[in-house]
Amino acid sequence: MAIMDGYFGSYVVVVVLLLIGVGIFAGGLFANRMLRPDRPTPDKLTTYECGVDPVGEGWAQSQVRYYVFTYLYVVFAVDAVFLFPWATVFAAPGFGMTTLVEMFVFLAFIALGILYAWRKRVLAWT
Amino acid sequence: MTSETPGFWPPSGPEVVFLLLGVVALGSALLVVTTRQLVHAALWLVLCFGALAGCYLVLTAEFVAWVQVLIYVGAVVVLLLFGIMLTRAPIGRSADLDSGNRWAAVLVALATAGVLLSVVVAGFGAAYAPLDPGQGAAKPLGSSIFRTWVLPFEALSVLLLAALIGAIVISRTDIRGRE
Amino acid sequence: MAEVLDVAVRLIVIVVAFLLLPLIVGQMEHKAMAHMQSRLGPMYAGGFHGWAQLIADGVKFAQKEDVIPAAADRRVFAIAPAVALVPYLVVLVVIPVGPGLVGADVDAGLFFVLAVMGVGVLGAIMAGWASANKYSVLGGMRAAAQLMSYELPLVLAASSVAMAAGTLSLEGIAEQWRWWWLPWQAIGAVVFFVAGLAELRRPPFDMPIADSEIIMGTMTEYTGIRFALFMLAEYAGIVVLSALTAVLFLGGWQGPLLPGPVWTLIKVFVLAFVVIWVRVSFPRLREDQLQKLAWIGLVPLALLQLALTGVVKVLMA
């Protein structure tokens with residue numbers, strides 16, 4: 001098996017490109033290190049807060065309002081990945097109408113979930 | 001599993017890569033539970049999942065590998081980070097991340113690993129399946145899901161829908177049952 | 001040996017495209033935006049219409065001091081730009097510019113692209129958290145929420161094309177493309193492009209950056225080369241999104257007279273121009289409008305497109 005061919009070969013190329021990317025990042029930082037001045041002062045290193053000294057810590061507790069959206073996504077994403085293997089066999093001979101019906105059942109489930117979320121006003125701000 | 005079984009030595013290229021990725025996955029998993037910084041734990045989890053996806057790739061389970069990246073790195077870890085940032089994500093060490101049950105946890109983890117390992121060894125022993133690129137691609141997966149496993153797939157949709165509705169009901173305090 | 005050389009040439013082309021195209025798009029944005037706003041934009045650097053402005057910017061960024069705030073988480077702060085940038089480079093490997101002209105023919109190409117692009121958003125979240133700045137944390141959370149809402153329409157619209165073509169390989173999809181896919185997949189194309197814009201955090205979906213309210217959000221504390229790398233990531237993202245939209249919905253290299261790679265480039269730049277045009281034309285959405293657009297607008301539209309694709313495909317078979 002040739003090293004750059006076929007399944008493993010194409011992923012070797014992907015990995016090489018990944019390493020090149022890391023190399024570009026490191027090269028940029030290295031050039032910067034060679035060229036830059038380095039004179040840190042405590043004032044320079046304070047956190048930016050519109051010109052006044054920072055108040056409290058950098059992190060503050062916030063609203064949980066949108067956590068439901070992320071749930072929505074995780075649930076649907078798990079569903080949606082099945083669409084891809086499906087898409088490749090969908091119109092192949094021997095599948096035909098059955099797959100179409102299955103697809104509508106599937107779409108109905110997603111639509112039902114969104115409809116429920118919408119009816120329960122999860123998708124609204126207030 | 002009918003083809004001839006090659007020996008363990010010398011290891012082939014994919015085997016070496018698989019082992020290295022396994023070491024990365026294991027090491028970063030250990031860091032997830034031992035780091036004292038909450039957000040770092042989530043980020044080590046990214047590396048762990050990434051190495052796991054690499055393992056799948058080496059085993060020619062191409063589609064599953066990218067599902068692993070899309071769902072676990074792209075969705076579950078982002079969900080975790082989002083949750084942590086919403087509730088409590090100070091920079092630096094948190095003193096209260098340790099649990100008093102750590103030894104019990106270690107014991108349970110080791111026992112689970114032991115059970116899984118012995119099941120796999122007892123079930124498969126030295127069975128050998130050659131790496132066959134193309135078996136894990138989307139097409140064979142699709143035809144086996146939609147020829148053989150349609151019902152589990154649809155049942156899964158129902159399960160996910162139920163989980164979603166449950167999450168909505170729990171998070172909305174204004175949805176109540178009948179008096 | 002010839003084989004290795006072939007791969008090396010492909011990789012070099014990809015890297016050059018990755019470093020050059022974002023600069024051209026950036027310069028285009030400078031000039032197009034300026035003229036849309038009755039300004040001239042950069043006119044000085046390099047002489048002719050300020051063509052060297054971004055090169056001068058790059059040289060300036062490379063010489064600037066590397067400031068990491070004392071309160072920040074140094075390691076995460078330092079690597080966040082790489083996490084934002086490198087995925088866009090990796091994605092380029094599967095984007096075909098002509099028949100057979102692709103870095104690596106990955107069978108699950110489309111899915112690979114979606115998965116890897118999702119990783120890039122982690123960079124923004126990491127930057128937002130590690131800066132230890134209130135604006136940045138807000139920006140990071142907005143970035144996360146935005147990714148979560150727009151990934152679903154993106155995935156659904158992409159799977160509609162995969163259904164139409166019956167393959168996940170980007171090269172295969174571009175090969176199968178026919179002109180009548182334009183009306184057939186029109187809804188999917190709009191959904192994909194809009195959701196892609198939101199995932200790139202480009203205006204009008206730039207709440208994670210929102211310079212006028214949270215002062216560049218995730219990038220508040222970044223200066224010098226790291227900031228430049230974030231900007232490069234943003235423009236590389238525009239190139240990748242335009243190229244993907246071109247390959248999936250506009251037939252990639254297909255077109256009369258001109259050779260394939262030229263067509264691909266033309267389509268990429270037309271779409272990049274649309275990205276810039278949208279930026280100039282629309283005001284920033286509010287956070288709740290953003291969520292509403294995703295869940296009540298784009299997701300149902302994408303589902304509609306899926307149904308349409310399925311029905312047409314089965315009727316044709």
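# A walk through chains A, B and C

There are six helices and zero strands in chain B. Hello everyone, and thanks for coming. Before going further, please keep in mind that this is a predicted model.

From the N terminus on, its elements follow one another as α-α-α-α-α-α. The chain has 179 residues, and 35% of them are buried.

Now for chain C. Here we have twelve helices and zero strands, and reading along the sequence gives α-α-α-α-α-α-α-α-α-α-α-α. If you like to picture dimensions, the C-alpha trace of chain C spans about 65 × 50 × 45 Å along its principal axes.

What about burial in chain C? Of its 317 residues, 65% count as buried. And for contacts in chain C between residues at least 6 apart in sequence, 78% join residues at least 24 apart.

Let's move on to the interfaces. A quick word of background: the size of an interface is often given as the accessible area lost when the parts come together.

We'll take chain A and chain C to begin with. On this interface, 65 residues of chain A are in contact with 72 residues of chain C. Together the two chains bury about 5,900 Å², and 79% of that area is on carbon and sulfur atoms. How many salt bridges cross between chain A and chain C? The rule finds one. You can find it on your screens by looking for R36(A) and D66(C), whose side chains meet with a distance of 3.5 Å from N to O. Polar contacts are there too: three residue pairs across the interface of chain A and chain C, with both residues at pLDDT 80 or more.

Which parts of chain A face chain C? The elements that give two or more residues to that side are α1 (6-35), α2 (67-80), α3 (83-89) and α4 (96-119) of chain A. The largest share comes from α1(A), which gives 17 residues. Sorted by class, the side of chain A that touches chain C has 47 nonpolar, eleven polar and seven charged residues.

Next, chain B and chain C. In this pairing, 27 residues of chain B are in contact with 31 residues of chain C. The area buried between them is about 2,300 Å², with 82% of it on carbon and sulfur atoms. As for salt bridges between chain B and chain C, the count is zero, while two residue pairs are in polar contact, both residues at pLDDT 80 or more.

On the side of chain B that touches chain C, the elements giving two or more residues are α2 (38-58), α3 (62-87) and α5 (138-147) of chain B. Here α3(B) supplies the largest share, 16 residues. By class, this side of chain B has 22 nonpolar, three polar and two charged residues.

To finish, let's zoom in on two residues. The first stop is E154(B), which you'll find in helix α6 (residues 150-171) of chain B. Is E154(B) buried or exposed? Its relative accessible area is 11%, so E154(B) is buried. And who are its partners? Leaving out residues up to four places away in sequence, E154(B) touches E102(A), V105(A), F106(A) and F109(A).

Our other stop is D79(A), in helix α2 of chain A. At 2% relative accessibility, D79(A) counts as buried, because the cut-off is under 20%. Which residues does D79(A) touch? Again leaving out residues up to four places away in sequence, they are F106(A), I110(A), S157(B) and L160(B). Do take a look at the pair D79(A) and I110(A): they are 31 residues apart along the chain, and their C-alpha atoms are separated by 8.3 Å.

Terms used
Residues numbered from 1 in each chain as written. Chains lettered and ligands numbered in written order. Predicted model: local features only at pLDDT ≥ 70, side-chain atom pairs only at ≥ 80, totals over all residues. Heavy atoms only, no water. Contact = heavy atoms within 4.5 Å. Buried area = accessible area lost by both parts, 1.4 Å probe. Salt bridge = Lys/Arg side-chain N within 4 Å of Asp/Glu carboxyl O. Polar contact = N/O pair within 3.5 Å; in protein donor to acceptor, adjacent residues only side chain to side chain. Helix = DSSP H or I, 4+ residues; strand = E, 2+ residues; numbered from the N terminus. Nonpolar A, V, L, I, M, F, W, Y, C, P; charged D, E, K, R; others polar. Buried < 20%, exposed > 50% of the residue type's maximum accessible area, 1.4 Å probe, protein only.
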